[in-house]
Amino acid sequence: MAFPHRDSVQRAVDLLAVLLPPDTGAADVERVLQAHGEPATTLSPSDLTKLREAARELRDVFAASDVTEAASALNRLFARYAGPPRLTDHEDGYGWHLHLDAADDGPWDRWLVTSSALGLATLLADRQGPPGGLCASPSCGKPFAHLGGGSPKRYCSPRCATRERVAAHRAARHPGKP
């Protein structure tokens, strides 16, 4: 089954990756937005601050330990940010799609939360499980989405999984060595 909100979920993961670390700037966020099809924009310092706050709230969905906790986190976001559902094509033939924010030119933080929460909620309902997680690597912790089939992921990337597997192998072969 094709997942219709895959793009919004992946965009959320990619935006959280640049918004959660404190050392990334507006240009980094703008590049991710453009890579996901948003028009070129210049984010103000206030926009960036509000986007970072929204990213921290969205992180709670990925940090949820089970489906009930993830659903509760999403419901809190909907209660705080979402308005009535509306269809829009952004007045330029973009294609009709569902929005939960109040306007096509609304604040970036509301757009990030509502569009991401809609995709994550759809994924949760489709999978009947948490829509994502946080990387199990102690040196990483980045959010990731469960977009494929099979067993739930534990790591954000094959690189993190390999690094942890190699570290575990080395620790087993040489107990007591750091």
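Me: Is leucine 77 buried or exposed?

Reply: Buried means under 20% relative accessible area, exposed over 50%, and partly exposed in between (1.4 Å probe, protein chains only). Leucine 77 has 4% relative accessibility, so leucine 77 counts as buried. This is a predicted model: local features need pLDDT of at least 70, side-chain atom pairs count only at pLDDT 80 or more, and totals for chains, interfaces and linings use all residues. Residues are numbered from 1 along each chain as its sequence is written, and side-chain values use heavy atoms, with hydrogens and water left out.

Me: Where is leucine 77 found, and which residues does leucine 77 touch?

Reply: Helices are DSSP runs of H or I, at least four residues; strands are runs of E, at least two; both are numbered from the N terminus. Leucine 77 is in helix H4 (residues 67-81). Contact means heavy atoms within 4.5 Å. Not counting residues up to four places away in sequence, leucine 77 touches Glu57, Leu58, Val61, Ala82 and Val113. Take valine 113: 36 residues from leucine 77 in sequence, but 7.1 Å in space, C-alpha to C-alpha.

Me: How exposed is leucine 98, and why?

Reply: Leucine 98 is partly exposed because its relative accessibility is 38%. Leucine 98 lies in strand E2 (residues 97-99).

Me: What is the phi of glutamine 128?

Reply: Most residues other than glycine have a negative phi. Glutamine 128 has a positive one, near 55 degrees. Its place is the loop between helix H5 (108-127) and strand E3 (132-134). Glutamine 128 counts as exposed, because its relative accessibility is 61%.
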